[in-house]
Amino acid sequence: MEKLLIRGGKRLSGNVKVSGAKNAAVAVIPAVLLTDEICIIDNLPYIDDVIVLKNILSELGAKVSLSPNGRMVIDPSSVKRYIANSEEVKKMRASYYLLGALLGRGGYAEVAFPGGCEIGARPIDQHIKGFESLGVHVDIESGSIRARADKLIGNDVYLDVISVGATINIMLASVRAEGTTTIVNAAKEPHVVDVANFLNAMGANIKGAGTDTIKIKGVERLSGCHYTIIPDQIEAGTFMIAAAATNGDVLIKDVIPKHLEAISAKLVEMGVDIMEGDDNIRVRGCNRLKSVNIKTLPYPGFPTDLQQPMSVLLSIAEGNSVITENVWESRYKHIEEICKMGANVKIEDRVAIIKGVPSLKGAPVAASDLRAGAALIVAGLIADGVTEISNVQYIDRGYECIEGKLISLGADIKRIDDMGRIIPTKKSAAVI
Ligand code: EPU
């Protein structure tokens, strides 16, 4: 098991380039199964979740290559298998997109229950409700979901909760269905729009992605295409928080500033200086951060995926801050860890009450999930002394070469193996 060792107290400065969006990538890659033609996808983040999906598509019979510069070339013409139940499938939450993609390809899918981060109950009832509305019969048996339909027929689907996964999965299943599907109360996240754009580039007819009503007119066939994934909103937000936390001055490049408005607004409220360019954001810290209150919400609200890093920033702000986590019921596992580093936080159900302290102290801590890991990195960057973060595998699932990028901004970070030997920092195509 690898660990990160961070000696805190360095101000981050310089330029950093953001990689492609993880949560778009993990849907776009399975979506290729909707055609028999070659697709070329650029700007994929070179992260473990993408590598796992490459392996899953190969197991299904596709020919796939992935280069470290983020290009994946997929030829799905030889896919004959509709059963995905390997250990690779069980590793990740987003393997549920294989259900929609395989159903759309051939009307059948058998997929092992998805794994992923432990951040609360992660039901898929809305995905199933959507499939059933399209005429799919769904059975759940011994750890697998089996879905089959003689014919997929478009229908209206009203989502009871706003769900990114259900919105995308219903788009995947309905894009080649007969007739029109309307998703009402759809998720509006940038990656939902990116997946719709990808499907339209393949010849689909999807309108309204990015609003709460999406209309999908079924088409008979989809073709191959060449597509570039959008930048990762959450990785960009993590760097913004890290820059503010170290009172740094960082230009974050290759971003879509509109996607970052909720986080920019909160940082400005805290006293941080934010300058938006066309495709970049400059973040300049301040000497004394002000406390703010945060409620996580679906897009365009404050993203739950940045709640954990943000709570670390608030732990050193002046005064009391209150966070209300409205999306996931168990996304505070990092709080116990940052309290070991001197933070003063009380959790009451979905609310975290944070009393700002002047500084944090380095300590051995463990990541419990991907964004908890990102939060602990931010804590390590701030803290006096050395912070040792274990369970780094969670972080590698979703951040491309995180320590390489932070080192390029002046951070003092090393990766060690379980014998304490230093592992050379991986080079990322995105490190400049
Ligand atoms: N929900 C249901 N029923 C469903 C689906 C969802 O009740 O059938 C509930 C969930 O329990 C949750 C809420 O609806 O309370 C939102 O869940 P959603 O379906 O939107 O989440 P997801 O699609 O499983 C994606 C991201 C998460 C991110 C959430 C919210 C991927 C692979 N994952 O998850 O990202 O937190 O949307 O924005 O896209 C991360 O990147 O660290 C991460 C966890």
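Analyst: A salt bridge is counted when a side-chain nitrogen of Lys or Arg lies within 4 Å of a carboxyl oxygen of Asp or Glu. The model is predicted, so local features need pLDDT of at least 70 and side-chain atom pairs count only at pLDDT 80 or more, while totals for chains, interfaces and linings use all residues. Residues are numbered from 1 along each chain as its sequence is written, and side-chain values use heavy atoms, with hydrogens and water left out.

User: How is the protein divided into domains?

Analyst: Domain bounds come from an automatic or database domain assignment. Here domain 1 comprises 3-19 + 231-423, and domain 2 comprises 22-228. Their centres, taken over C-alpha atoms, are separated by 30 Å.

User: How many residues of domain 1 and domain 2 are in contact?

Analyst: Contact means heavy atoms within 4.5 Å. By that criterion, 22 residues of domain 1 meet 21 residues of domain 2.

User: What is the area buried between domain 1 and domain 2, and which residues of domain 1 lose the most?

Analyst: Buried area is the accessible area (1.4 Å probe) that two parts lose on being put together, summed over both. The value is about 1,900 Å², with carbon and sulfur atoms giving 54%. On the side of domain 1, Tyr-299, Trp-328 and Arg-397 lose the most area to domain 2, together 35% of what that side buries.

User: How many salt bridges does the rule find across the interface of domain 1 and domain 2?

Analyst: The rule finds one across this interface. Asp-49 pairs with Arg-397 in a salt bridge whose closest N and O atoms are 3.1 Å apart. For the protein, the count by this rule comes to 27 salt bridges. Helices (H or I, at least four residues) and strands (E, at least two) are DSSP runs, numbered from the N terminus. Asp-49 belongs to helix H2 (residues 48-60) and Arg-397 to the loop between helix H13 (392-396) and helix H14 (402-408), so the pair ties together parts 348 residues apart in sequence.

User: Where is Pro-300 found, and what is the peptide bond from Tyr-299 to Pro-300?

Analyst: Pro-300 sits in the loop between strand S18 (294-295) and helix H10 (307-315). The bond that joins Tyr-299 to Pro-300 is cis, with omega near 10 degrees. Tyr-299 is also among the residues of domain 1 that lose the most area to domain 2.
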